[in-house]
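Open the model in your viewer and keep the sequence panel beside it. The stops below are given in the order in which to select them.

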Amino acid sequence: QKAKFLVFSFYMFSRRTGRSLYQLFSNKARLFSTRAALPLVASIDQGTTSTRFIVFDSKAVVVATSQKDIRVFNPHPGWVEEDPIEMLKSVLNCIEDCCQQLKDKNYNPAEAIKSIGITNQRETTILWNKTTGKPFYNAIVWSDSRTSGDVKELISKFGDKNHFEERCGLPLSSYFSAIKIRWLLTHRPDIAEAVKSGNCLFGTVDSWLIWNLCQNHVTDVTNASRTMLMNLRTLEWDDQVCRSLEIPGSILPDIRSSSEVYGHLNQGSLKGVPIAGCLGDQQAALFGQRCLEKGEIKNTYGTGCFLLMNTGQQIVRSSHGLLTTVAYQLSPHEPATYALEGSVATAGSLIKWLRDSLRLFSNVEELEQLARSVEDTGGVYIVPAFSGLLAPYWREDARGTIMGLTHYTNRSHLCLAALEAVAFQSEEVLDAMRKDTGIHFTKLRADGGMTHNSLFLQLQSDISGVPVVKAASHESTALGAAFVGGIATGIFTKKKIQELSMPDSSFHPRTKASAQQLKLSGWRKAVKTVLA
């Protein structure tokens, strides 16, 4: 009786819908096979506080995503460390999570995903045992300042913080990997011994992940350019710099282009899928924002600000406090594309400080409401030099201040002054880029957490006097890594990427240039007071 009932039910359904059982099941099969055939690209995005794995389709639309937080340790003032094993496990967990999401959507992940790109926090330094694969020490994070004293000694020894700038594009600073390597070699006898026996390997986070996922000891040109050890012209490790800083070449990974197959995943649901692209996080954001032509510029507003300008195949030496770096290299056979970079130490972290430490507001929506409730800051300027000032000043000894306080000042003025402080710092870097290149760019592309605040983007446009274009994708950094991985495996070309339809939103200057110059003048006076 049950069988007769089911047959009758299917018969009636077919009569009403005009679709046979064969059509129903064949359509379902076609759906699965179509999805399995659609090319997908993926990205490992290993950041300072979290790891993400994101899968995109060939139109740059997110298909699956997973995120895992990672712990940050501060064992002493100024020290910032993370566990490399925890980083690796978070990557593997995110991959498996996304694979399950894809299976739930009728994808076969191992067949559909054609390539994986990696983007990562730059400069963060890891040394590990070549035989066991175990780290000798925690990862020393890019923002760690334990080596400030070492930097002062080196500047005294070489006579100039820019002693290696002509070769590597970078000043002597605790920011970069080479100085962190020196500290580990000096303070850990087990590491020094492993170097002597040929059993020690160095890598930034990308190199550590590729080693574990593919068993290849490599890095890409963008990450190598942030170590202080790579020659910008040859794109190879610079023997003279390595000797001067006492860094043994035997521990360094091979330098590869940003878009080529480094190996194939050796475990998990995506075993056999090629890892085919790699970019440092800020270079990935530049690529994800499609700043692929000379003179195009982006700003990522995160904990700090990171501004990069594409300078084409020209190495531009800055005389205004910027860094020369590699933007990307799209194959081993193509020349590198270079960039000027300016880093601002404090941006989103200033907003977090106002919320968590001063308790001026409870969420970012309230911040925007308060800032909109006043016409101006009432003459208040905030210089948020919590850990010094980076570009264009490079003063690690600078400390923050709030200037112009009166009885008239209220929390709304402080909220607006904080947003303006981030925009002022960004404009100082943009102005340095104009002076170094002679290029007066026509727009600024923006991504990162602070771009959710429309008032802030309008302030940036007013202060800088150019349209600010908010990224269409919230995942610019991950997308950039996915793009270069897709280029290596034939899913994308540079032309296809530029032609993708990715609608964005723009903010245009609304105030007179003279009024903004007056504000900038006040800001610069406040900075001079901090630096005095």
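Is Ser 343 buried or exposed? Ser 343 counts as buried because its relative accessibility is 1%; buried means under 20% relative accessible area, exposed over 50% and partly exposed in between, with a 1.4 Å probe and protein chains only.

Before going on, note that this is a predicted model, in which local features need pLDDT of at least 70 and side-chain atom pairs count only at pLDDT 80 or more, while totals for chains, interfaces and linings use all residues. Residues are numbered from 1 along each chain as its sequence is written, and side-chain values use heavy atoms, with hydrogens and water left out.

**Stop 1: around Ser 343**

Ser 343 belongs to strand β16 (residues 337-344). Helices (H or I, at least four residues) and strands (E, at least two) are DSSP runs, numbered from the N terminus. Show the side chains of Ser 343 and Glu 341: a polar contact of 3.3 Å joins them. A polar contact is a pair of N or O atoms within 3.5 Å; within protein, one must be able to donate a hydrogen and the other to accept it, and residues adjacent in sequence count only if both atoms are side-chain atoms. Next, select Tyr 175, Cys 305, Phe 306, Leu 390 and Ala 391, which Ser 343 contacts when neighbours within four places in sequence are left aside. Contact means heavy atoms within 4.5 Å.

**Stop 2: the cis peptide**

From Ala 391, step to Pro 392: the peptide bond joining them is cis, with omega about 0°. Pro 392 is in the loop between β17 and β18. Most residues other than glycine have a negative phi, and most peptide bonds are trans.

**Stop 3: aromatic rings**

The whole structure holds 16 aromatic pairs. Rings of Phe, Tyr and Trp (its six-membered ring) pair if their centres lie within 6.5 Å; planes under 30 degrees apart count as stacked, over 60 as edge-to-face and the rest as tilted. Select Tyr 137 and Trp 183, a tilted pair at 6.0 Å centre to centre with 55° between the planes. Tyr 137 is in the loop between β6 (126-129) and β7 (139-140) and Trp 183 in helix α7 (residues 177-187), 46 residues apart. Trp 183 counts as buried at 9% relative accessibility.

Now take Tyr 175 and Trp 394, an edge-to-face pair with 6.4 Å between centres and 65° between planes. Tyr 175 lies in the loop between α6 (165-168) and α7 and Trp 394 in the loop between β17 and β18, so the pair ties together parts that are 219 residues apart in sequence.

**Stop 4: Arg 146**

The charged end of Arg 146 sits over the ring of Trp 79, 3.8 Å from its centre. The charged end of Arg 146 also sits over the ring of Trp 183, 4.6 Å from that centre. For this, NZ of Lys or CZ of Arg must be within 6 Å of the ring centre and within 35 degrees of the ring normal.

**Stop 5: Phe 136**

Phe 136 is in the loop between β6 and β7. The C-alpha atoms of Phe 136 and Asp 190 are 7.8 Å apart, though 54 residues separate them along the chain.
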